[in-house]
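Hello,

Here is the structure you asked to see. My notes on it follow below.

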Amino acid sequence: AFYTFYLPVAIGMITSGVADEGSYDLAQKICCQMGEYFQIQDDYLDCFGDPSVIGKVGTDIQDNKCSWLVVQALDRVTPEQR
């Protein structure tokens, strides 16, 4: 989220002459939250999305990626279920 959402905005702010540190802090907070929500949606669609609609076949789980869904599942399971 930092590199893909905040930094492009920060570069735009810099080139526009924004000098207020508070504005950068707020932009970082907002952009990083947006990036997190984007990743959650992407992980969800990777698992449950219809390939004919989303344009790709999701393989995150088969590829053993640490997706948001995996993190949520691991947060809820017992040690025996891991």
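In helix α2, the buried residues are Tyr 24, Ala 27, Cys 31, Gly 35, Asp 43 and Asp 46. Please keep in mind that this is a predicted model. The cover over the buried residues of α2 includes α1 (2-15) and α4 (68-76).

The length of α2 (residues 21-48) can be checked. With 28 residues at 1.5 Å a residue, α2 should span 40 Å, and the C-alpha atoms at its ends are 41 Å apart, which agrees.

Next, the aromatic rings. Searching the whole structure gives four aromatic pairs. One of them joins Phe 2 and Tyr 3: the ring centres are 5.7 Å apart and the planes stand at 90 degrees, so this pair is edge-to-face. Another is formed by Phe 2 and Tyr 6, with 5.2 Å centre to centre and 40 degrees between the planes, which makes the pair tilted.

Phe 2 and Tyr 6 are both in helix α1, four residues apart, or about one turn of the helix. An α-helix has 3.6 residues a turn, so residues three or four places apart point the same way.

Phe 2, at 34%, is partly exposed. Tyr 6 counts as buried, because its relative accessibility is 8% and the cut-off is under 20%.

Regards

Methods: Residues numbered from 1 in each chain as written. Predicted model: local features only at pLDDT ≥ 70, side-chain atom pairs only at ≥ 80, totals over all residues. Heavy atoms only, no water. Helix = DSSP H or I, 4+ residues; strand = E, 2+ residues; numbered from the N terminus. Expected span 1.5 Å × (residues − 1). Buried < 20%, exposed > 50% of the residue type's maximum accessible area, 1.4 Å probe, protein only. Contact = heavy atoms within 4.5 Å. Phe/Tyr/Trp six-rings, centres within 6.5 Å; stacked < 30°, edge-to-face > 60°.
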